[in-house]
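Student: I have a structure to look at and some terms to learn. Can we work through how such terms are applied?

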Amino acid sequence: GSSVAWAFEQKLDQVSDTDIADLTIQSPFDCSASFDSPDLQTNSYVVMVAELMVTDSYGASDDAHTTVVVTNANQAPSEVEDGRPDNEIVVIPVHDCDPTTYEASYSMSALFTDSDHDDLRFDWYFNEELIYSEEKTYHNDGMQSVFDIDFNAPGEYAVELAVTDILPTGEYYDDPLTTYKNWTVIVLSEDEQNEDPTAVSGTIT
């Protein structure tokens, strides 16, 4: 019988749009040839082709191609910490001395970033009902969403924010991921925030 020798081309040929540095095959003349996969900075993928050449002792040869697809593992959006306390917010209403009216409002904001440089969608829920949704384009300093709430009565309310990264769809793309943040908003009545008057005695001259 004849002996067989094989060898991979030293570099993988890139055939997709994502631009990365050349990948070099280690031990290209060995049956255990390998290469180090690159880290992709965004939710993208790279298609590479490795060519194998097989030659027998009589000089006859043939080649084969192996397709290698390098994909990114998606990471969830993360909040940019602002030092403010979480979970519970107390809202004081406008005190107008009129028991027939009630006015209170609060502006909530959240700043998130994404390590994969994805755009983000912000979904704001008020007592489990989706009230406001917006999309923000990726920015190095983070992406901020603001949710303005008007209250027509005192009480305790639940606010939830769902932040989801926006990914392309396709065979080689990962699934979107969502990060949640919750608050309890306690809206006071006018009586709760109204202090009793204090009499001040003194001599008027």
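Tutor: This is a predicted model. Take aspartate 123, which has a relative accessibility of 7%.

Student: Why is aspartate 123 called buried?

Tutor: Buried means under 20% relative accessible area. Aspartate 123 has 7%, so it counts as buried.

Student: What makes aspartate 123 and arginine 121 a salt bridge?

Tutor: The closest N and O atoms of the two are 3.0 Å apart. The cut-off is 4 Å, so the pair qualifies.

Student: Is arginine 121 buried or partly exposed?

Tutor: Arginine 121 has a relative accessible area of 28%.

Student: How many salt bridges does the rule give?

Tutor: The count comes to 3. One of them joins the side chains of glutamate 79 and lysine 181, at 3.3 Å from N to O.

Student: What makes this pair a tie between parts apart in sequence?

Tutor: Glutamate 79 lies in strand β5 and lysine 181 in strand β12, so the pair ties together parts that are 102 residues apart in sequence. Lysine 181 is buried at 9%, while glutamate 79, at 24%, counts as partly exposed.

Student: How do you know that glutamate 134 and lysine 136 form a salt bridge?

Tutor: Their closest N and O atoms are 3.8 Å apart. That is within 4 Å, so the pair counts. Glutamate 134 is buried, at 17%, and lysine 136 is partly exposed, at 29%.

Student: Which residues does phenylalanine 122 contact, beyond its neighbours within four places in sequence?

Tutor: Among them are Glu134 and Lys136, along with Tyr132 and Leu161.

Key. Residues numbered from 1 in each chain as written. Predicted model: local features only at pLDDT ≥ 70, side-chain atom pairs only at ≥ 80, totals over all residues. Heavy atoms only, no water. Contact = heavy atoms within 4.5 Å. Helix = DSSP H or I, 4+ residues; strand = E, 2+ residues; numbered from the N terminus. Buried < 20%, exposed > 50% of the residue type's maximum accessible area, 1.4 Å probe, protein only.
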